[in-house]
Amino acid sequence: MKPIRTVQVPCPQCEATESRPLWSGREHEYENTTDESFDFVRCRDCGLVRLDPRPEVSELSRIYPPNYYAYNLHADDKRPSLTDRMKIRLYQRRIENLVGRLGTSGKVRVLDVGCADGRLLDWYRESPVGDRLETHGIEMDAHAAQVARRRGHRVVTGRFEIDKELEAESFDLILAAHVIEHVDAPTTFARRAAELLAPGGLFVVATPNWDSVDARCLRGNWGGNHFPRHWTLYDERTMRDLAGRIGLEVSRLEYQPNPIFWVWSCHSWLRDHLPEASWPESVFPPVGIFRSSTQSFILLTAFTVLDSLLRRLTGRTASMAVELRRPRSAQERPTPGDRRRAVEGRAPGDPLQRGTWSTRGTEH
Ligand SMILES: [Zn+2]
């Protein structure tokens with residue numbers, strides 16, 4: 001396999017170049033990308049974790065092969081399985097809660113960043129708040145974007161952080177589920193979201209949390225690494241730092257179960273420790289887990305229960321959803337003091353709500 005072109009990058013949050021190694025690992029989900037080892041490093045100044053060196057942007061089509069799971073989720077239109085129905089219900093409850101927290105009446109303009117084939121937008125539109133939603137998406141894969149457009153959503157083809165087509169202050173909800181960790185300029189990405197938000201709007205970022213028990217134990221085998229496609233890894237502290245830098249405030253932070261990461265962790269660990277065995281491929285199929293089957297149902301349920309237990313014991317999981325709110329007026333903007341407190345931890349009387357979890361779900 002031809003070596004992948006890579007580039008060395010400074011910290012995307014504070015631009016420092018000094019870093020400490022965190023852990024290393026390699027691709028295990030796809031056979032047709034690269035078999036090289038990659039390193040995550042932690043910025044000495046701000047603590048943000050980045051892949052360094054990382055693949056060049058010109059290698060995107062290689063590290064996201066045509067069989068990449070997110071491009072093929074609408075492959076079958078048959079009746080949704082029990083797992084699918086649970087997952088759909090979970091996402092629909094989330095959008096209902098988000099719309100509730102916006103506290104407005106009338107139309108809600110929702111933008112799904114990295115909307116792929118529009119699957120999530122479909123679910124949102126079919127939710128009890130669906131008739132209040134105006135569904136928009138942006139997607140870099142032209143084919144997936146076309147599929148989403150055919151499903152009736154307004155979709156721009158392009159990369160969010162460099163796009164010029166979407167209009168400033170024109171969205172009430174911007175959802176970026178498991179996208180920010182994939183982009184080459186995550187701070188620019190988040191700043192762009194802040195520009196596109198209407199006053200009072202919410203930018204919801206779901207992303208891996210590397211500061212979890214499973215990540216710290218499994219290190220290079222942790223599923224959230226997704227080598228070499230995850231380029232930046234956050235934890236609660238660096239996420240609060242980001243919010244302060246882009247003029248938004250963290251209004252809510254929820255740790256969510258992520259059973260898919262567990263399937264990937266098991267697959268990666270077994271592949272490294274039992275290289276001769278073929279059963280890990282069929283027991284923990286890294287791509288096949290997205291197909292509905294009894295096996296997927298059992299694995300996803302079991303790992304969701306495990307994550308719920310871990311969250312009870314440690315207060316965290318390897319996945320977090322953070323809601324960043326744009327203040328309604330200039331007076332509401334965070335002051336430098338607020339920003340310092342946000343980085344150091346929660347200030348007394350800070351109205352941050354910690355999410356609670358009562359349903360099971362699947363994340364990727
Ligand atoms: Zn930094």
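Biologist: How many helices and strands does the secondary structure of the protein chain come to?

Modeller: The protein chain has 11 helices and 14 strands. Of its 364 residues, 42% count as buried. Among contacts with a separation of 6 or more, 77% are between residues 24 or more positions apart.

Biologist: What is the mean pLDDT of the protein chain, and where does pLDDT stay under 50?

Modeller: The general idea comes first: where pLDDT is low, the predicted coordinates should not be read in detail. In this chain the mean pLDDT is 89, and 88% of the residues reach 70 or more. Residues 344–364 stay under 50, and the model has 35 contacts beyond four places in sequence for them.

Biologist: Which peptide bonds are cis?

Modeller: In general, most peptide bonds are trans. Another cis peptide bond leads from Phe227 to Pro228, where omega is near -10°. Pro228 sits in the loop between helix H6 (213–218) and strand S11 (232–233).

Biologist: Is His226 buried or exposed?

Modeller: The cut-off for a buried residue is 20 or more other C-beta atoms within 10 Å. His226 counts as buried because it has 26 C-beta neighbours inside 10 Å. Arg219 is partly exposed, since 16 other C-beta atoms lie within 10 Å.

Biologist: Where is Cys46 found, and with which residues is Cys46 in contact?

Modeller: Cys46 belongs to the loop between strand S3 (37–43) and strand S4 (49–51). With 18 other C-beta atoms within 10 Å, Cys46 is partly exposed. Leaving aside neighbours within four places in sequence, Cys46 is in contact with Cys11, Gln13, Cys14, Thr238 and Asp241. Thr238 is 192 residues from Cys46 in sequence, yet their C-alpha atoms are 7.2 Å apart in space.

Biologist: Which residues of H10 are buried, and which are exposed?

Modeller: A helix can be read by its span and by the directions of its residues around the axis. Helix H10 (residues 294–314) has 21 residues and reaches 30 Å from its first C-alpha to its last, close to the 30 Å expected at 1.5 Å a residue. Its buried residues are Ser296, Leu299, Leu300, Phe303, Thr304 and Asp307. Seen down the axis of H10, the buried residues fall within an arc of 130°, so they line one face of the helix. Thr294, Ile298, Ala302, Leu309, Arg312 and Leu313 are exposed on the other side. The buried residues of H10 pack against helix H2 (82–102) and helix H8 (259–273). Gly315, which follows H10, has a positive phi near 80°.

Biologist: Which residues of H2 are buried, and against what do the buried residues of H2 pack?

Modeller: In H2, Thr83, Tyr91, Arg94, Ile95, Leu98 and Val99 are buried. They lie on the same side of H2 because they cover an arc of only 140° around the axis. Leu82, Arg85 and Gly100 are exposed on the other side of H2. The buried residues of H2 pack against S6, H3, S9, strand S10 (197–208) and H10. Just after H2, Gly103 takes a positive phi of about 70°.

Biologist: To which strands do bridges join S6?

Modeller: S6 (residues 108–113) is mostly covered, with 5 of its 6 residues buried. S6 runs parallel to strand S7 (residues 133–139), and 6 bridges join them. Val113 stands opposite Ile138 in S7. S6 also runs parallel to strand S9 (residues 171–177), with 3 bridges; there Val110 has Leu173 as its bridge partner.

Biologist: What do S6, helix H3 and S7 make?

Modeller: S6, helix H3 (residues 119–125) and S7 make a right-handed β-α-β unit.

Technical notes: Residues numbered from 1 in each chain as written. Predicted model: local features only at pLDDT ≥ 70, side-chain atom pairs only at ≥ 80, totals over all residues. Helix = DSSP H or I, 4+ residues; strand = E, 2+ residues; numbered from the N terminus. Buried ≥ 20, exposed ≤ 12 C-beta atoms within 10 Å, placed from the backbone. Contact = placed C-beta atoms within 7 Å. Expected span 1.5 Å × (residues − 1). Arc of directions from axis to C-beta. pLDDT = per-residue confidence, 0-100. Pairing = 2+ DSSP bridges. Right-handed = clockwise from strand over helix to strand, strands pointing away.
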